[in-house]
Protein chains: 2
Amino acid sequence: MQHPLDQAIALTPLAEHRFAGQTSPAYANMVGPFGGTTCAVMLQAALLHPQRLGDPIALTVNFAAPVADGAFEIDARPVRTNRSTQHWVVQLLQDGAVAATATAVFAQRRTTWSAAEAAAPADMPPASSLPRASLQGRPPWVRQFDMRFAEGGMPEPFDGLEQPHARSRLWVRDEPPRPLDFAALASLCDSFFPRVFIRRRKLAPIGTVSLTTYFHADAAQLAAQGERHLLATARALAYRNGYFDQSAEVWADGGDLLASTHQMVYYRD
Amino acid sequence: MQHPLDQAIALTPLAEHRFAGQTSPAYANMVGPFGGTTCAVMLQAALLHPQRLGDPIALTVNFAAPVADGAFEIDARPVRTNRSTQHWVVQLLQDGAVAATATAVFAQRRTTWSAAEAAAPADMPPASSLPRASLQGRPPWVRQFDMRFAEGGMPEPFDGLEQPHARSRLWVRDEPPRPLDFAALASLCDSFFPRVFIRRRKLAPIGTVSLTTYFHADAAQLAAQGERHLLATARALAYRNGYFDQSAEVWADGGDLLASTHQMVYYRD
């Protein structure tokens, strides 16, 4: 049995820089697919490309239009390959129109002086001691993650009582469990509930317009994490006239930062 | 007299989606131009494009190869225009090769519920009470900014005594002063000294590979800031095997967040 994420990011090569894929009902959102699988499949096109050099360092996906359920094509081109870095321009197309654009930087890393500057939250209760977040009323994609919130889960109920902040701390992994890799991490980096829902304790139409993920870990560090829960933190800086930002970090359960991720999100009142 | 930044971002239309520009000696870096002017001129191509809709919300620039001093061309295409948002793919070319790629999201904002979540540092001494950062030994572009550090300036001297963090708080504006607009803000968002220099108190070869800027303000808010110093904060999360991240915020002197910006930066030992 293929994992649902592997089904969602499965691609068939069509031409040198062109792949065919299709959205997965398991990762359906309110309208169209979960943005995380869109990020993962656009990254996957570069990962699968025969000219690929090294591992992902940075990925930016811009959601240009709603992705319709069904077939899509991905155009993934290495526009510049240097000695140790490679730059990608990627587009997701439906019926010939651009539904999402992406750029990515890949690199062959080498061992250097390294240091942590931010630390994972020290006071997280173990994942096993926290309940799994409710799936009640959530779109299908939420079932594909096991989320356990220590702070800043989805408001229950949505009572409209505005909070002073929208910080979250949680344990999260794929459900069913799946060994961590770059595509899974790219997907998980879009799994944070919209900050404006938590801040305002009310639902409203929202949509991410741009999402950037930085990969701080190499493939071996991701493999070492395996299927275990990841520690994640998320927050916003400002909500202003239709757009808010979100920043989040994803940590290995041993405390190493694996990814940091940033979004700008459209919202309506 | 044209401001040096306006000289650096001056573009001549060549075709529907094509512009000609050239690097500016005023913004020279150690090798090639300051990355901030590269960001600003790639954004400027979209700003000048006759099909442009609204104001910038998000800009990501990937530095694919060193930009050589001299002429370049910019290809700027609106790949998807919706009712209130527009998505751009931009490339900077020299001798037909891609030196930088960018994507941008523009939008027409409308007035909604708005709120700040992060606050500007409350304890900043006034800019006039702090000395301007030294230009001694710095590349030419540093002269184009007036920077006044309350914390985390460039180490003097570079004594190699590693610090526990690389946080900075400063006042910064263009020098000579220039009214703030989106291009100037995009440029300023790359003016933070590399975190690894501050953390390690030593110089080393570095280069930004990917830079994302989120614009939280509209054109009127930028115009209201005028030529006055902006308040800025910067930090890193992790340095690992050749790449570190940087996140920074730029605040109006009245306390409103104008931009937040993130980078991944290559470094050598």
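Q: Which conventions apply to numbering and chains?
A: Residues are numbered from 1 along each chain as its sequence is written, while chains are lettered from A and ligands numbered from 1 in the order in which they are written. The model is predicted, with local features requiring pLDDT of at least 70, side-chain atom pairs pLDDT 80 or more, and totals for chains, interfaces and linings using all residues; side-chain values rest on heavy atoms, without hydrogens and water.

Q: How are chains A and B related?
A: Chain A can be laid on chain B with an RMSD of 0.0 Å by a turn of 180° and a shift of 0.0 Å along the axis. The superposition is by least squares on the C-alpha atoms of residues with pLDDT of at least 70 in both copies. The two copies are thus related as by a two-fold rotation axis.

Q: Changing topic: how many residues does helix 2 of chain A have?
A: Helix 2 of chain A, residues 35-48, has 14 residues. From its first C-alpha to its last it reaches 20 Å, close to the 20 Å expected at 1.5 Å a residue. The expected span is 1.5 Å times one less than the number of residues. Helices (H or I, at least four residues) and strands (E, at least two) are DSSP runs, numbered from the N terminus.

Q: Why is that helix described as enclosed?
A: Of the 14 residues of helix 2 of chain A, 13 are buried, so the helix is largely enclosed by the rest of the structure. Buried means under 20% relative accessible area, exposed over 50%, and partly exposed in between, with a 1.4 Å probe and protein chains only.

Q: And strand 5 of chain A, is it mostly covered or uncovered?
A: Strand 5 of chain A, residues 85-94, is mostly covered, with ten of its ten residues buried. A:Thr85, A:His87, A:Val89, A:Gln91 and A:Leu93 point one way from the strand, and A:Gln86, A:Trp88, A:Val90, A:Leu92 and A:Gln94 the other way.

Q: Which strands does it pair with?
A: Eight bridges join strand 4 (residues 71-81) of chain A to strand 5 of chain A, and the two run antiparallel. In this pairing A:Glu73 stands opposite A:Leu93. Ten bridges join strand 5 of chain A to strand 6 (residues 97-107) of chain A, also antiparallel, with A:Gln86 opposite A:Phe106. Two strands pair if DSSP finds at least two bridges between them.

Q: What sits in the turns?
A: Strands 4 and 5 of chain A form a hairpin with three residues between them. Strands 5 and 6 of chain A form a hairpin with two residues between them, and A:Asp95 in that turn has a positive phi of about 50°.

Q: How many salt bridges are there over all chains?
A: A search of the whole structure finds 36 salt bridges. The criterion is a side-chain nitrogen of Lys or Arg within 4 Å of a carboxyl oxygen of Asp or Glu.

Q: What does the A:Asp159 and A:Arg201 pair tie together?
A: The side chains of A:Asp159 and A:Arg201 meet in a salt bridge at 2.7 Å, N to O. A:Asp159 lies in the loop between strands 8 and 9 of chain A and A:Arg201 in the loop between helix 4 and strand 10 of chain A, so the pair ties together parts that are 42 residues apart in sequence. A:Asp159 is partly exposed at 35% relative accessibility, whereas A:Arg201 is buried at 17%.

Q: Which salt bridge does B:Arg173 form?
A: B:Arg173 forms a salt bridge with B:Asp146, the closest N and O atoms being 3.6 Å apart. B:Arg173 is in strand 9 of chain B and B:Asp146 in strand 8 of chain B, 27 residues apart. B:Arg173 and B:Asp146 are buried.

Q: Lastly, where does B:Ala107 lie, and what does it touch?
A: B:Ala107 lies in strand 6 of chain B and is buried, with a relative accessible area of 2%. Not counting residues up to four places away in sequence, its contacts include A:Tyr243, B:Leu53 and B:Ser84. B:Ala107 and B:Leu53 are 54 residues apart in sequence and 6.6 Å apart in space, C-alpha to C-alpha.

How values were computed. Contact means heavy atoms within 4.5 Å.
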